[in-house]
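Subject: Handover of a structure for your review

Dear colleague,

I am passing a structure on to you, together with a short account of what was found in it. Please look at the sequence and the structure below before reading on.

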Amino acid sequence: QNKITEQTEIRGQLDFREEECVPVPLNEVEPAVEIVKRFCTGAASFGSISDEAHRAMAIAMNRIGGKSNTGEGGEDPMRFTQLEPGEFEAGA
C-alpha cells in the first residue's frame, strides 16, 4: 500500500488476519443469478443525466434482473423486454 492510502483511508489502517479466516464452501454461497436481483441503481432524474446514460443503466439492470431507479415519469416500456444473451439495443 502507498503512504497516502495508509494515512487517509480506513482500508489503509486495517490489518487482516488471513491465517484466521476459513473460506466459505461454494455450495453454501448464494448463486450470482440470485444476488444480482438485489442490485439497484441510484435515483437519477432523466434531466440530470444524458439519455444514453439513462438508457444504459436501465438496460443493464433489466438484463441482469436488477432494479433501475432512473427517474420520474417511468421508463420506456421497451426496456422491460428481456433481451437474449449477447443481444443489444442500439441507441439513436
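The findings are set out below, beginning with the chain as a whole and then turning to particular residues.

Please bear in mind throughout that this is a predicted model.

Overall arrangement

The protein chain contains three helices and zero strands, and its elements follow the order α-α-α from the N terminus. Of its 92 residues, 17% are buried. The chain exposes about 7500 Å², and 58% of that area comes from carbon and sulfur atoms. As for contacts between residues at least 6 apart in sequence, 50% of them join residues that are at least 24 apart.

Helix α3

Helix α3 covers residues 51–64, which is 14 residues. From its first C-alpha to its last it reaches 20 Å, close to the 20 Å expected at 1.5 Å a residue.

Which residues of α3 are buried? They are His-54, Arg-55, Ala-58, Ile-59, Met-61 and Asn-62. These residues lie on the same side of α3, because they cover an arc of only 165° around the axis.

His-54, one of the buried residues of α3, has a relative accessible area of 3%. Because the cut-off for a buried residue is under 20%, this value places His-54 in the buried class. The C-alpha atom of His-54 is separated by 7.9 Å from that of Ala-44, and the two residues are 10 apart along the chain.

Just after α3 comes Gly-65, which takes a positive phi of about 85°.

Salt bridges

How many salt bridges does a search of the whole structure find? The search finds four, and three of these are described here, pair by pair.

Glu-9 and Arg-11 meet through their side chains, with an N to O distance of 2.9 Å. Glu-9 is partly exposed, at a relative accessible area of 32%, whereas Arg-11 is exposed, at 52%.

Arg-38 and Glu-30 form another salt bridge, with 3.0 Å from N to O. Here Arg-38 is exposed, its relative accessible area being 56%, while Glu-30 counts as partly exposed at 34%.

Lys-37 is joined to Glu-34 by a salt bridge in which the closest N and O atoms are 3.3 Å apart. Lys-37 is partly exposed, with a relative accessible area of 39%, and Glu-34 is also partly exposed, with 33%.

A nonpolar surface patch

Ile-10, Leu-14 and Phe-16 make a nonpolar surface patch of about 370 Å². Where does Phe-16 lie? Phe-16 is in the loop between α1 (3–8) and α2 (32–35). Is Phe-16 buried or exposed? Phe-16 has a relative accessible area of 63% and is therefore exposed, the cut-off for that class being over 50%.

With kind regards

Note on methods: Residues numbered from 1 in each chain as written. Predicted model: local features only at pLDDT ≥ 70, side-chain atom pairs only at ≥ 80, totals over all residues. Heavy atoms only, no water. Patch = residues over 30% accessible without salt bridge, like charges linked within 9 Å, V, L, I, M, F, W, Y side chains within 5 Å. Areas by Shrake-Rupley, 256 points an atom, 1.4 Å probe, with all protein chains shown as cover. Helix = DSSP H or I, 4+ residues; strand = E, 2+ residues; numbered from the N terminus. Buried < 20%, exposed > 50% of the residue type's maximum accessible area, 1.4 Å probe, protein only. Expected span 1.5 Å × (residues − 1). Arc of directions from axis to C-beta. Contact = heavy atoms within 4.5 Å.
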